[in-house]
Structures are given as structure tokens and as C-alpha cells.
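Hi everyone, and thanks for coming. Let me put the structure up on the screen, and then we can walk through it together.

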Amino acid sequence: MGTLGAILKHPVDIYPLLKLRMAAKHAEKQIPPEPHWAFCYSMLHRVSRSFALVIQQLGTELRNAVCIFYLVLRALDTVEDDTSIPTDVKVPILLAFHRHIYDRDWHFSCGTKDYKVLMDQFHNVSTAFLELGEGYQEAIEDITKKMGAGMAKFILKEVESIDDYDEYCHYVAGLVGLGLSKLFHASGLEDLAPDSLSNSMGLFLQKTNIIRDYLEDINEIPKSRMFWPREIWSKYVNKLEDLKYEENSVKAVQCLNDMVTNALIHMDDTLKYLSELRDPAIFRFCAIPQIMAIGTLAMCYNNVDVFRGVVKMRRGLTAQVIHQTKTMADVYGAFFDFSCMLKSKQQPTPAAVLVLSVSENGSFMYKAVTFFAKMPVDNSDPNAVKTLSRLEAAQKSCRESGALNKRKSYMIRNEPRYIPVLVSFS
Ligand code: D61
Ligand code: MG
């Protein structure tokens, strides 16, 4: 369904999408004139739509540091992800990448499309990197070194146990969280967050990606990319790729629910990390991807479509999340509501269709309206009890924040305007 179709189906998306387009336009005007910086910011938009917009709303000094941090790690990841590079060529580059970022003459061509352009003109990123303050350069080099070493280790090693899975996600995303906390601290705008919380911020995002991208990764040419831990999938099938075959759907969905339940472990740390941030721009930069993640997990849970194609939050809803997320109350509200959504997929027969309503003050909430389910979900799901307990633990923290009640009060005073935004569950 084209964007126009989606908008007609979801008129509530129009305003946030317009705001998003204006923000993107505004961002373009902020691109520094120097050619190497212009390259970096245009590249940022081309290789990461979701992070580019939230990075743009950071203050100038921090924005430049985070932009380069992103492009350096995206280039490193392009080497890791290119399954056509032989291991004996790839591993030395991953291990030495933290030195290459200082060398404008270093060049290694790999990846496809925009990622290839990033690699071929990487000297622009090195030039900009060398203009950053000392503190920022040290943080970026330190994380690049550790991530390269971690990626190299897992080029030669399969993700077997759940500990391996957590270790791999630490190397490719947890370390990004640690690095960002260092950059926030170096900017003087935030205290240095505990590593455990910074790490969980990365694991929640990376595990959501690994779950959502199962089919794309297993079908990767020339070699499958496999990140789901054997310790989990071997309880349901004999080979990871068996999950994609129609005849294994029931087992596949149970395995999917097991993976989602594992990702929910990191919700509490994520809420704690966000609740301790002070700077509004840094808060939004950190909060928006996390809300996208819990929303994506709610869509993936119990959804056999994960094994048929990529399940993605539609652009209009993404625009709303970006538009609506300003305070911790919005975060508690969103986590509470998406947890409701996930829980409603557990109820035996009726599955829920959610109607999104916006109250006068613009904060949004969900109300479950029951319809007969296309695919009733039996709570004989082996992990249903564990899933429920983790959801209710997170909802308890949201309730105890008092922010929900604050939110609720708006509801009582001003009847919300109902604008149906159907989020279909299967
Ligand atoms: C606060 C705000 C943003 C955060 C955060 C805390 C903690 C962690 C992260 C962002 C990173 C989340 C990564 C989730 C997406 N997964 C990937 O991009 C995978 O590649 C991982 C290695 C390269 C990481 C690059 C990165 C990503 C986001 C950043 C950043 C660097 C620097 C600053 C801000 C955000 C995935 O790549 C998918 C792809 O190739 O497109 C993979 O290969 O597994
Ligand atoms: Mg990768």
C-alpha cells in the first residue's frame, strides 16, 4: 500500500508526517558548508533514516560527534556485514579499524549502494573525525576498537548460548550505548550513566532488530546471517532456517515469542536510563528509538508474518512517535500501552485491535477494542507466563511513576477525540 494509501487509511498521520518533512527540511539547512561535513550529513540521511532525524535535533557540538560516531561504526559494520569478503581479509580490517579512522589515505571498497559510497569516500569521515574535540575522538576510537574485536570474534564463532547472544549484542549495540553515554558526559550535558544501563539500551534495540529481520538475514546471499541463539531455537526446530517453512508455523511462532520474551528483559534498565537524563534533546534522541523498539516487539509478538516478510511500523506511526515523545510521561505511557497491546495478543480468543486516540494535550493513549481474532492465540504458548510477568513488571514501574495517572487525568477532564488508527494483529 503506497504512502498515499496509508495516509488515507490513517489520516491521523498527516500532521506528524508533515512535521517530520519540515524537520527534515530544517535539518538540510543545518548541514555545514565544508564539503567533508556536507558529505557526512548527507551520508547520515542516506544510510540511517531513523537515527538521522533524532541525531539532527541534538545541539551542534554533540550532533557532529554523534554523526561521526554513527558513520565510523556504520562503516565498520559494512565490513562485518559484507558476506562476500573472505574471513582472512575481513578479520584484520575489523581489528585495525580503530587506527584507520585517523588515516585519510586508508581505503577499502565493500558493501552495496549507499554503504559502498560511504566506504569509497570514507576519507571525508576521517577528516571530520580529526576535527572533533579530544574527548570525543578518544571515546569513538575506544568503542571502535572494542566493537571491531567483538565482531572479529563472532566471524569465527556461532551464536550458540544466550550468553553468546548477549555478548554479540553487547559488541554491536551495547558498546554504542556506552559510547553515547561517554559523548553525552564529554559534552557536559549529562552525568556518566552506569555501563549496565547503557548496555541494555543497545541490547533492547539490537535484539528487536535481530527478531524483526529474521527472514532477511536467513535469506542473505551468498551466506545466511544467523544471530538467533541455538539455545533458544533448538527447542523448536532442528535448523534455524526451518522456522521459515509453512509446516513449522506453530513451532516458529512459539520460538518467536520466546525471543521476544527474552528481549523484554531489558525494558526496566531502559526506562531507568531514560528517567535519569536531564537534557531534553538528548532525552528525545534516546527515547524515540526505544519506543519504536517496544512498538516493533508488540507487532512481532505472535505474528507469523515475521517468517513471511519484514514486519515494520508504518511511517505514519513512526512520525507520531517522533512527534509525541517529549517527556518521561510520554515514554511511560507508550511502554504501558504497547505492553497492553502485547498482552492483548495473549488473551485466548479475541485478539485486540488498537484504536489510538489523542487527547487535548496531544499525549496519545491506546484503547483495546476486541474483535474476533484472525488467529486466536492459545496461552499454551510455552513462555506465556514469563512474557506476562515481564510485561506486568514494566507496567508496574510505569504506573508507579505516577506519570500515567497524570496522563489519565487529562483523559477524565477532556474526552479524547477518537481517531481510529488500526494496528492489525495476527
Ligand atoms: C541511545 C540512543 C541510540 C542508541 C543507543 C542509546 C544505544 C545503542 C544504539 C543506539 C545502537 C543500536 C543499534 C541497533 C541497530 N542495529 C544496527 O545498526 C546493527 O549494526 C550494529 C553495528 C553498527 C552500529 C551503528 C550505530 C547504530 C546506531 C547509532 C550509532 C551507531 C551511533 C550513534 C547513534 C546511533 C545492524 O546493522 C543493520 C544495518 O546494517 O543496517 C547489524 O548489522 O546487526
Ligand atoms: Mg552487522
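First, some housekeeping. This is a predicted model, where local features need pLDDT of at least 70 and side-chain atom pairs count only at pLDDT 80 or more, while totals for chains, interfaces and linings use all residues. Residues are numbered from 1 along each chain as its sequence is written, chains are lettered from A and ligands numbered from 1 in the order in which they are written, and side-chain values use heavy atoms, with hydrogens and water left out.

So, what does the secondary structure of the protein chain come to? We have 20 helices and 3 strands; these are DSSP runs numbered from the N terminus, H or I of at least four residues for helices and E of at least two for strands. The chain has 426 residues, and 56% of them count as buried. Buried means under 20% relative accessible area, exposed means over 50%, and partly exposed is in between, with a 1.4 Å probe and protein chains only.

Now please look at the magnesium ion, ligand 2. Which residues coordinate the magnesium ion? They are Asp77 (OD), Glu80 (OE) and Asp81 (OD), at 1.9 to 2.2 Å. Donors here are N, O and S atoms within 2.8 Å of the metal (3.2 Å for Na, K and Ca), and water is not among the atoms, so sites may look incomplete. In sequence, the spacing of these donor residues reads D-x2-E-D. Asp77 and Glu80 are separated by about one helical turn, because they sit 3 residues apart in helix 5 (residues 60-81). Asp77 counts as buried because its relative accessibility is 14%, and Glu80 counts as buried at 9%.

Asp77 also takes us to ligand 1. This ligand is surrounded by 23 residues, and the closest are Arg74, Asp77, Asp81, Val172 and Gln206; a residue is near a molecule or strand if one of its heavy atoms lies within 4 Å of it. Helix 5 gives the largest share of that shell, 7 residues. A polar side-chain atom of Asp77 lies 3.0 Å from an oxygen atom of the ligand. The side chain of Gln206 has an N or O atom 2.8 Å from a nitrogen atom of ligand 1. Taken alone, ligand 1 exposes 820 Å², and the protein buries 92% of that; these areas come from the Shrake-Rupley method with a 1.4 Å probe, and for residues only the protein chains shown count as cover.

The largest nonpolar core has 134 residues, and Trp228 and Leu274 have the most contacts inside it. Helix 16 (residues 280-300) gives the most to this core, with 15 residues. By a nonpolar core I mean a set of buried Ala, Val, Leu, Ile, Met, Phe, Trp, Tyr and Cys residues joined through side-chain atoms within 4.5 Å.

One last stop: is Thr270 buried or exposed? Thr270, which is found in helix 15 (residues 267-275), counts as buried because its relative accessibility is 0%. Leaving aside residues up to four places away in sequence, Thr270 touches Ser200, Met201, Phe204, Gln290 and Phe335, where contact means heavy atoms within 4.5 Å.

Conventions:
A polar contact is a pair of N or O atoms within 3.5 Å; within protein, one must be able to donate a hydrogen and the other to accept it, and residues adjacent in sequence count only if both atoms are side-chain atoms.
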